[in-house]
Amino acid sequence: MANKTLSRTTPYVIALCHQKGGVAKTTTALALAACFAEQGLDTMLIDLDPQGNSTGAMGLNPLTMFHSAADVLLGNGNLVGMSRETGTTRLDIIPANADMLIVDRCLHLRSDFEYVLRDQLQKPGMAHYSLVLLDCPPALGSLATTALTASDLVIIPTQCEYFSMQALKNTLKLVETVRAKTNPALTHRMLVTLFDERIGLHHSSLKQLRKHFPRVVLKTIIGIDSKLRESQLMQQPITHYATHSRAARHYRQLTEELLKYVQS
Ligand SMILES: Nc1ncnc2c1ncn2[C@@H]1O[C@H](COP(=O)(O)OP(=O)(O)OP(=O)(O)O)[C@@H](O)[C@H]1O
Ligand SMILES: [Mg+2]
């Protein structure tokens, strides 16, 4: 696929955010980043989670990373300088390391901390990238606020399960707060993940979600596929590890759906 660019001077920024853990934020960030790169778009994945799961799934060890997103958030480096190539063409990563725990605890003490990532993303060197994906931790603290302030679109991966729905309310509250205070242009969408066709509750929850949030729930639904777990274990994007799998197909379909937002 030839290299493509979008008609923008700054990258289109998509955050994956939800208060609840295990809803496929990281899985979606990894798969989307690989799919956008596969489309010929230069893409950067930023691991904002102290757990470092995106970093690990891309074959890097968060424990041995000397530089990380923490340096950028603390003002000790810029994104282009900290970025690393991955085994996937057109996909670079800003890894996480243990310093992200310090950032998580102390970031809010800095004045105007909400804008630190947005300012970095708008630097001229970042024009090289068409897309930036932000993998957020399962919490609604300063890292999530900073990510949402820097984003054009926040995708809220949502499981059709009761606890996920509860945490959804809190996550939507953060979106409203960010929109009111630091990023009025923020768009939000919900993505149904880990959907199991065989479970009746999943179908009824999906119906409820679409009824309550008619324009917000994305059309694409990500079904259960164990190939995703395997691909993370093998430290390869799903599009490489199992290129014809159901999960790869669903995430490519999601990429097509999102390209309409990115190009508008
Ligand atoms: N569609 C899917 N089918 C099967 N397994 C999946 C799917 N999506 C994600 N998983 C698995 O579910 C687990 C949780 O996913 P993931 O780590 O992406 O969630 P997360 O929201 O990033 O979690 P955390 O909040 O802890 O960062 C992982 O083991 C992942 O491989
Ligand atoms: Mg994660």
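## Contacts with ligand 1

A polar backbone atom of Asp 225 sits 2.9 Å from a nitrogen atom of ligand 1. Please keep in mind that this model is predicted. On its own, ligand 1 has 630 Å² of accessible area, and the protein covers 86% of that.

## The shell and its pocket

Let's step back to the surroundings. Ligand 1 is surrounded by 19 residues, of which Lys 25, Thr 26, Thr 27, Asp 225 and Gln 232 are the closest. By class, this shell holds seven nonpolar, seven polar and five charged residues.

The largest pocket is the space that ligand 1 takes up. Helix H1 (25–38), strand S8 (217–223) and helix H10 (226–233) are the elements that each give two or more residues to the shell around the ligand.

## A cavity lined by H1 and H10

Searching the whole structure for cavities of 30 Å³ or more turns up one. The largest cavity has a volume of about 70 Å³. Helices H1 and H10 each supply at least two residues of its lining.

Which classes of residue make up the lining of the largest cavity? Seven are nonpolar, four are polar and none is charged. Among the lining residues are Leu 30, Ala 31, Met 58, Leu 228 and Ile 238.

Notes:
Residues numbered from 1 in each chain as written. Chains lettered and ligands numbered in written order. Predicted model: local features only at pLDDT ≥ 70, side-chain atom pairs only at ≥ 80, totals over all residues. Heavy atoms only, no water. Near = heavy atom within 4 Å. Polar contact = N/O pair within 3.5 Å; in protein donor to acceptor, adjacent residues only side chain to side chain. Areas by Shrake-Rupley, 256 points an atom, 1.4 Å probe, with all protein chains shown as cover. 1 Å grid on protein atoms, 1.4 Å probe; cavity = no way out; pocket = protein on both sides within 12 Å on 5 of 7 lines; lining within 4 Å. Sits in = over half its atoms within 2 Å of the grid points. Helix = DSSP H or I, 4+ residues; strand = E, 2+ residues; numbered from the N terminus. Nonpolar A, V, L, I, M, F, W, Y, C, P; charged D, E, K, R; others polar. Points joined across faces, edges and corners; volume = space filled by probe spheres on them.
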